[in-house]
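User: I have a few quick things to ask about this model, if you have a moment.
Analyst: Of course, let us look at it together.

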Amino acid sequence: MQIHPIHYQLKNKMRKIISTLMFIIVVIVASAQTPIRVCVAGLNHDHAHGIMRRYKDGTVDIVGIAEPNKALWAKYGKLYHVPDSLFFTDLKQMLLLKKPDAVLGYNAVGNHVDVVEICAPMHIPVMVEKPLAATLEQANRIEALANQYHIRVLVNYETTWYASNLANYNTVAADSIGKIRKMVVHDGHQGPQEIGCSKEFLSWLTDPVLNGAGPLNDFGCYGADLMTWFMHGQKPIAVTAIAHHYKPEIYPKVEDDATILVEYPGASGQIEASWNWPFGIKDMEIFGETGYLHALDGTNIVSRMRENIKGAKVATPLPAPINDNILYLTAVLRGTISGVDDQSSLNYNMIVMQILDAAKRSIKEGKRIVL
């Protein structure tokens, strides 16, 4: 049978169109599955073990590590089979050579601003370990650099990836317990020295300049971040705080216990941050008009309604990419998550820093600080 030339041309065009579409689909799928290339800034934060374990098991693509302390090169290199070629002493030199998609900060909180000072003009996004900075002044500088150079600066909190917190957030959003009236967050442990933190970590964690405070910054930031999220980015109207120094022989430079009261129109929050708990704790209580929710940990929730109806459940595991800091970072950089109004966002963490700064001023001045 003879094929008409026009039919042949149409079939040929269709083949080309289908081939092109298949190629585009393959590229999109490959792009979605290709991990982002990251560089690590600093290894003197013990949370670095988490990201290095992921490097070892192949779930994160670390292309460079900037750390001036070569003893840490040897330590992490041996533990996680990191080749010497990945280590650098100078952050900027590494970034010029490696050109990563993002930088992960695992250095002293007081040095986060230094990382952003280098990364921002190079248009490289940054994710740091909580809190954003040691001081509000540093946070303001970070925000100014992020805005000037149009880069993302994000903050990683362990509690962001707690399924229990999102489940409670959704319950509140569904108006199941009425308006929030009170929030109570407990965070901390027996103390960083008591639980065996490394000497490199302790050297800055217990320093009022490099960490900005003791547990007030170290653990108070969790409660401030969660409350800011539950209040949808609303700034508090006032902050009052007290601090205790129960163990000056162990922590001579900083407080080891802090309580922060945060006032909102129609609601209040109490943040209890301590290096004096009898055990490690990260939980959150929410009291509404008609009910109560308590995230005991990352998965378990207990509840009680006004009618004395009690409940307990295990939260549904979080789906990707909101279950993991690297997957979340990847989604933000690829535009599938906005990253502007959540627990990791710069917007919310600027409010966190205002709360922590007001708490420090309240302790120093012995009065309620109106924001």
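User: Where is proline 321 found?
Analyst: In this predicted model, proline 321 sits in the loop between β14 (310–314) and α11 (325–333).

User: And the peptide bond from alanine 320 to proline 321, cis or trans?
Analyst: That bond is cis, with omega near 5°. The peptide bond from lysine 130 to proline 131 is also cis, with omega near -15°, and proline 131 belongs to the loop between β5 (126–129) and α6 (136–149).

User: Switching to pockets, what volume does the largest pocket have?
Analyst: Its volume is about 340 Å³. It is lined by 15 residues, of which His47, Gly50, Glu129, Asn156 and Asn325 are the closest to its centre.

User: Which helix gives the largest share of the lining?
Analyst: Helix α2 (residues 48–56) does, with five residues. By class, the lining of the largest pocket has three nonpolar, six polar and six charged residues.

User: OK, now the helices: how do the axes of α7 and α10 cross?
Analyst: The axes of α7 (residues 163–173) and α10 (residues 220–230) come within 11 Å and cross at roughly 30°. Since angles under 35 degrees count as roughly parallel, α7 is therefore roughly parallel to α10, and the crossing is right-handed.

User: Which residues meet there?
Analyst: From α7, Asn165, Leu166, Asn168, Tyr169 and Val172 meet Leu226, Trp229 and Phe230 of α10. By class, this contact of α7 with α10 has six nonpolar, two polar and no charged residues.

Technical notes:
Residues numbered from 1 in each chain as written. Predicted model: local features only at pLDDT ≥ 70, side-chain atom pairs only at ≥ 80, totals over all residues. Heavy atoms only, no water. Axes fitted to C-alpha atoms, helices over the stretch in contact; angles between N-to-C directions. Helix = DSSP H or I, 4+ residues; strand = E, 2+ residues; numbered from the N terminus. Parallel < 35°, antiparallel > 145°, perpendicular 65-115°, else oblique. Left-handed = near helix turned anticlockwise from the far one by under 90°. Contact = heavy atoms within 4.5 Å. Nonpolar A, V, L, I, M, F, W, Y, C, P; charged D, E, K, R; others polar. 1 Å grid on protein atoms, 1.4 Å probe; cavity = no way out; pocket = protein on both sides within 12 Å on 5 of 7 lines; lining within 4 Å. Points joined across faces, edges and corners; volume = space filled by probe spheres on them.
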